[in-house]
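Let's go through some labels and ask what stands behind each of them. Have the model open as you read.

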Amino acid sequence: MGKSKLLFITHEMSPFLELTKIAEITRQLPQAMQEKGYEIRILMPRFGNINERRNRLHEVIRLSGMNIIINDNDNPLIIKVASIPAARMQVYFLDNEEYFQRKHVFNDKDGKFYADNDERTIFFCKGALETVKKLGWAPDVIHCHGWMSALVPAYLKTTYKDDPTFKNSKVVYSIYENDFTEKMDADFARKAVMGDMTEAHTEVYKEGTNSAMYAGAIQYSDGIVLASENINADVLNNVKNSNKSVLDYVSTADYENYYNFYDEITSDELVHVA
């Protein structure tokens, strides 16, 4: 058998974009897992403040050219790639002129939450899974980081559940402290529906808050990582009641714990890893 395949989906990663502690974890954890023998792929948005020249991004023509449908509108998906030479890892960037070519990430220059953050999220989550399909690379574990990847578990367990690329994939979701206090567009849950899904599948996301994003990810994931010391109490209670496999928070980056957790998740054993 070949190496186990581990996919990371995140909205930030050092050195490309550093907003929160997610950036550090998504830089160090993939390398640690690669050194453990995993084959790694990483996907993130190509936000406008990521410098293409300095980071040596270039378009992957064979992966670009797809359209992601949101609210009956076709949105072109461009895929770019960059390497981290020191780690021998490639990072794929999802780009779209309308959604990502801005000087700011989630809030405008006046600090206002972008009105279309809901559509940007949907585009990223759908686009990430379609990109992996086009790569022809079937991951054993998909590890999502940050609220912008929160729809991925729902899509994997509904629309993509029988897709040959993902039918054997386990999905892990890392929960961090809430980092936005606004709400998504009121129509977010309806817009997020795809394929043969119904609004019942996205009902858990309907409030459009950071906690609601986490609630949806918790509901559809196979395993949950508590990746912050300061997690919202309601979110923690949700995790506790979910009966999902949980990797508890540790103050130091003990990547051996992650390796063991992935192993437990893929062996189909429901456990709580302290």
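Two strands pair if DSSP finds at least two bridges between them. Helices (H or I, at least four residues) and strands (E, at least two) are DSSP runs, numbered from the N terminus. This is a predicted model, where local features need pLDDT of at least 70, side-chain atom pairs count only at pLDDT 80 or more, and totals for chains, interfaces and linings use all residues. Residues are numbered from 1 along each chain as its sequence is written, and side-chain values use heavy atoms, with hydrogens and water left out.

Q: What makes strand E1 and strand E2 a pair?
A: E1 (residues 5–10) and E2 (residues 39–45) share 5 bridges in the parallel sense. Pairing asks for at least two bridges, so the two strands qualify. Lysine 5 has glutamate 39 of E2 as its bridge partner, and leucine 7 stands opposite arginine 41 in E2.

Q: What else pairs with E1, and in which sense?
A: Strand E7 (residues 141–145) pairs with E1 in the parallel sense, over 5 bridges. Leucine 7 has isoleucine 142 as its bridge partner in E7.

Q: How do you know that E2 pairs with strand E6?
A: There are 4 bridges between E2 and E6 (residues 89–95), in the parallel sense. With at least two required, the label "pair" therefore applies. Leucine 43 stands opposite tyrosine 92 in E6.

Q: Why is the unit of E1, helix H1 and E2 called right-handed?
A: The term applies if, with the strands pointing away from the viewer, the path from the first strand over the helix to the second runs clockwise. The unit formed by E1, H1 (residues 22–35) and E2 is a right-handed β-α-β unit, so its path from E1 over H1 to E2 runs clockwise in that view. Another right-handed β-α-β unit is made by E9, helix H9 (residues 233–242) and E10.

Q: Why is alanine 200 called exposed?
A: Its relative accessible area is 61%. Exposed means over 50%, buried under 20% and partly exposed in between (1.4 Å probe, protein chains only), so alanine 200 counts as exposed. Alanine 200 has its place in helix H7 (residues 199–202).

Q: What makes E1 and E2 "mostly covered"?
A: In E1, 5 of its 6 residues are buried. In E2, 5 of its 7 residues are buried.

Q: Which way do the residues of strand E9 point?
A: Gly223 and Val225 point one way from E9 (residues 223–226), Ile224 and Leu226 the other way, and all are buried. In a regular strand the side chains alternate between the two faces of the sheet.

Q: How many bridges join E9 to strands E8 and E10?
A: E8 (residues 170–175) and E9 run parallel and are joined by 4 bridges. E9 and E10 (residues 245–247) also run parallel, joined by 3 bridges.

Q: How is the lining of the second largest pocket divided?
A: The lining has 6 nonpolar, 3 polar and 3 charged residues. Ala, Val, Leu, Ile, Met, Phe, Trp, Tyr, Cys and Pro count as nonpolar, Asp, Glu, Lys and Arg as charged, and the others, Gly among them, as polar.
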